[in-house]
Amino acid sequence: MFNKNKDIRVRFAPSPTGYLHIGGARTALFNWLYARHYGGSFILRIEDTDRVRSTPEAVNAILEGLKWLGLDWDEGPEKGGDYGPYFQTQRLSLYKKYADKLLASNEAYYCYCSEEELALRRKRQLSEGKSSIYDRKCLNLSETEKKRLLQEGRKPAIRLKMPERKIIVHDLIKGKMEFDSKLLSDFVIIKSDGVPTYNFAVVVDDILMKISLVMRGDDHISNTPKQIIIYQALGASLPEFAHIPMIMGPDNTRLSKRHGATSVIEYQRMGFLPEAVVNYIAHLGWSSGTNQEIFTIEELIKNFSIEKISNHSAIFDLEKLNWFNNEYLKKLTDEKYVEQLLPFLEGAGFLEGSLSSDKKKWLRKVVSLMKSRVRNFRQFLEYGDYFFTEDFMWEEEAERILQEKGVKDILEYLVEQLQEIDQWNEHNIESKVRVMADQLHLKGKQIIHPTRVALSGKTVGPGLFSLMEVLGKEKNLSRLKRAIDRLDKK
């Protein structure tokens, strides 16, 4: 769609310490849309230097989530590329090389302080009302002192020497941001075990992978000045920066599990369509500038630009996501809907074995009745369980409807009338019920409401006569008789 721009290279770099959450998915999506809009490259990099918390399962969950959303990457795990490897734990020699370069240029130095010593000095600084930044005790150690410390068994970390100057960055979303390096400590770039810290590894990777734009959540703003200093110390050109405002819950607190599922794969398990999830999270902080809400992926690519990203936090609304999903579900043909629904029916134990052509035809009828009433596939199972099992749940209000005066007599007479129908279809069923209402001097709802409850355990649902036709004569009669027995026992 757009001319290929080899200079545009963006990345999504998650830590594999858990699932792919909604915030991470949105960051990946915005980077992916940017790359696709300009014909650049979208790189996936796994930042797995936290060896305690990083797991192969989490890596798989991230890859699975991105694939489900349709966010394919041009370089990274399973794809390879010219700038790999794409796992940080496989790049440790590169970080050492660049740390050595900083040591040689006196931009960094060895630090032999233990954690206990650092903690004591921080405590003393705070008690004296000072900032708890590193006091540079190891900055000017002599070679003799360094040798003595090594003989004591101390393994040094490497610290970056912070310059005393203003750090200015022109963020594409936030605008001009200014930081005072005097307020920043000489931070560790390589820990005593040889593993790089986050800020150092990120910068080395972004330099070597030729990343042109770093687009990420604005919770990373505090990392930006440190990373800029590393770029400058290494004599590397800065990429552009764009910090996306956070996603908040409806109560304006940071999005968490209490606001609903935060894992992308959980939404898959809940029966959301990936196109709907992508469409919705694209709107979390971005707007096309029009009233259009439903976009094809091609339209999102065409319309996306950083200028249209808001500088205000986005609010995650599960109801709105459900609305998007319902819009996409309604557009599915009944046949396609059945195809997507089958894994959920099988998972719930509602279907076993292969489907006959008659069963598929019947399923399409069920879908035709239910598709406009449910907003995801899990809800389909909840609202339409009675189509697939006799062991369906009864709503509390449904029980009360059956307890109303005269209901048992109405159901008994209905059974007699339905048994007379030879051609079981919606028209003949409705005719019987209407005649019965006239004979008994009843309003239609006095028959319809208890009948619906007896057949489904629900107080609302698809049109009753359509429902009765799809359930079939045998199930109608057996369930009505079961409801009558239930009333006898009461």
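Guide: A crossing of two helices is right-handed if the near helix is turned clockwise from the far one by less than a right angle, and left-handed if the turn is anticlockwise. The model discussed here is a predicted one.

Visitor: Is the crossing in which α9 passes α11 left-handed or right-handed?

Guide: The helices concerned are α9, residues 274-282, and α11, residues 318-331, whose axes come within 9 Å. As α9 passes α11, the crossing is right-handed.

Visitor: Which word describes how α9 lies to α11?

Guide: The axes of α9 and α11 cross at roughly 135 degrees. Angles over 145 degrees would count as roughly antiparallel, and those from 65 to 115 as roughly perpendicular. The angle therefore makes the position of α9 relative to α11 oblique.

Visitor: How many residues of each class are in the contact of α9 with α11?

Guide: From α9 come Glu275, Ala276, Val277, Asn279 and Tyr280, and they meet Lys320, Leu321, Phe324, Asn325 and Tyr328 of α11. By class, these residues are six nonpolar, two polar and two charged.

Visitor: At what angle do the axes of α16 and α17 cross?

Guide: Helix α16 spans residues 407-419 and helix α17 spans residues 426-440. That crossing is right-handed. The axes come within 10 Å, and their angle is roughly 135 degrees.

Visitor: Which residues of α17 make the contact with α16?

Guide: On the side of α16, the contact is made by Ile410, Tyr413, Leu414, Gln417 and Leu418. The residues of the contact divide into eight nonpolar, two polar and one charged. On the side of α17, the residues are Ile429, Lys432, Val433, Met436, Gln439 and Leu440.

Visitor: Which term describes how α3 and α6 lie to each other?

Guide: The axes of α3, residues 92-104, and α6 come within 10 Å and cross at roughly 100 degrees. Angles from 65 to 115 degrees fall in one class. The two helices, α3 and α6, are therefore roughly perpendicular.

Visitor: How many charged residues does the contact of α3 with α6 have?

Guide: Helix α3 brings Leu94, Tyr95, Tyr98, Ala99 and Leu102, while α6 brings Phe200, Ala201, Val204, Asp205 and Leu208. Nine of the residues are nonpolar and none is polar. The number that are charged is one.

Visitor: Which element supplies the largest share of the lining of the largest pocket?

Guide: The largest pocket holds about 1,000 Å³ of space. At least two lining residues come from each of β1 (9-12), α1 (22-38), α6 (198-208) and β8 (213-217). The largest share is five residues, and it comes from α1.

Visitor: Of the residues that line the largest pocket, which are the closest to its centre?

Guide: The lining has 36 residues. By class, it divides into 14 nonpolar, 13 polar and nine charged. The closest to the centre are Ser15, His21, Gly24, Asp219 and His220.

Visitor: Which element gives the most to the lining of the second largest pocket?

Guide: The volume of the second largest pocket is about 400 Å³. Of its 21 lining residues, Cys113, Glu115, Leu118, Arg159 and Val188 are the closest to the centre. Two or more lining residues come from each of α4 (115-127) and β4 (157-160). The most, five residues, come from α4.

Visitor: Is the peptide bond from Gly84 to Pro85 cis or trans?

Guide: Pro85 lies in the loop between α2 (56-69) and α3. Omega of the bond from Gly84 to Pro85 is near 0 degrees, and the bond is cis.

Visitor: What is phi of Lys210?

Guide: The loop between α6 and β8 holds Lys210. Its phi is positive, in a residue other than glycine, with a value near 55 degrees.

Visitor: Where is His441 found?

Guide: Phi of His441 is near 55 degrees, a positive value in a residue other than glycine. The place of His441 is the loop between α17 and α18 (444-456).

Notes: Residues numbered from 1 in each chain as written. Predicted model: local features only at pLDDT ≥ 70, side-chain atom pairs only at ≥ 80, totals over all residues. Heavy atoms only, no water. Axes fitted to C-alpha atoms, helices over the stretch in contact; angles between N-to-C directions. Helix = DSSP H or I, 4+ residues; strand = E, 2+ residues; numbered from the N terminus. Contact = heavy atoms within 4.5 Å. Nonpolar A, V, L, I, M, F, W, Y, C, P; charged D, E, K, R; others polar. 1 Å grid on protein atoms, 1.4 Å probe; cavity = no way out; pocket = protein on both sides within 12 Å on 5 of 7 lines; lining within 4 Å. Points joined across faces, edges and corners; volume = space filled by probe spheres on them. Parallel < 35°, antiparallel > 145°, perpendicular 65-115°, else oblique.
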